[in-house]
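I opened this notebook to keep a record of what I looked up in the structure, entry by entry.

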Amino acid sequence: QLHTHNMINLILFGKPGAGKGTQANFLKEKYDLVHISTGDVFRYNMKNDTELGKLAKSYIDKGDLVPDEVTINMLQAEVEKKPEAKGFIFDGFPRTTAQAEALDNFLASKDMGISATIALEADDEILIQRLLERGKVSGRADDQDEDKIRNRFDEYNQKTAPLIDFYKKQNKFHSVNGIGTIDEITVRLSNVIDEL
Ligand code: AP5
């Protein structure tokens, strides 16, 4: 049985490199939430050379989004694995209107819903520097060159940015300054969460 009441279900939103994964790791401890990063699940599957990993790799290496149907099914399976969760942090999902609608319907079917979508804001040039820096050490194929990074920003601008209005219409959209120390940003996010 899911603990549907008093659940906190957050979407961490923002461009590539905004700090979603970094902040989710702190917030999951602080609020006792399950962190689901679709990018991490894809990378795990790529590393283990699963069918899903092989499919995803062809998109991710170029910096393109993976098709909605694949991503939605994967996300739902991740949520189903955690029936005891007190809440979730969705990191890197949803990224398209179709994904956002599917998430609302899926959560509603479980008597759950999104509490808030919180965006981390930073300028493109800062984000590109962060990702190029990470690409040097992580070996992430999509961080290796500026063209791939720019393509990820294009995907964001075309397909993901419309979700800002989607969540504004639901009165669930918040944004915080994503520039500063990691601690400072965790405090900004916590201030939003504590008001919910
Ligand atoms: P995903 O893994 O989600 O990548 P992304 O959105 O490009 O995000 P990143 O992981 O690069 O950035 P982040 O915001 O988490 O920042 P982080 O904390 O790591 O997705 C990868 C790919 O998978 C997509 O391109 C797509 O192909 C596919 N995919 C995933 N989800 C999908 C979906 N829903 N639909 C379709 N396809 C999907 O920080 C970045 C760097 O900055 C790190 O090096 C970090 O140390 C550093 N940093 C963090 N905070 C700070 C700070 N305050 N100051 C300085 N540096 C900082």
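I began with Ala18, which lies in the loop between β1 and α1 (20-31), where helices (H or I, at least four residues) and strands (E, at least two) are DSSP runs numbered from the N terminus. I noted that this is a predicted model, in which local features need pLDDT of at least 70, side-chain atom pairs count only at pLDDT 80 or more, and totals for chains, interfaces and linings use all residues. Residues are numbered from 1 along each chain as its sequence is written.

Is Ala18 buried or exposed? I found it buried, because it has 22 C-beta neighbours inside 10 Å; the cut-offs are 20 or more other C-beta atoms within 10 Å for buried, 12 or fewer for exposed, and partly exposed in between, with C-beta atoms placed from the backbone.

I then listed contacts (C-beta atoms, placed from the backbone, within 7 Å): not counting residues up to four places away in sequence, Ala18 touches Leu120, Ala122, Leu127 and Gly178. Gly19 is found in the loop between β1 and α1, and, leaving aside neighbours within four places in sequence, Gly19 is in contact with Leu120, Gly178 and Ile185.

Terms used: Two residues are in contact if their C-beta atoms, placed from the backbone, lie within 7 Å.
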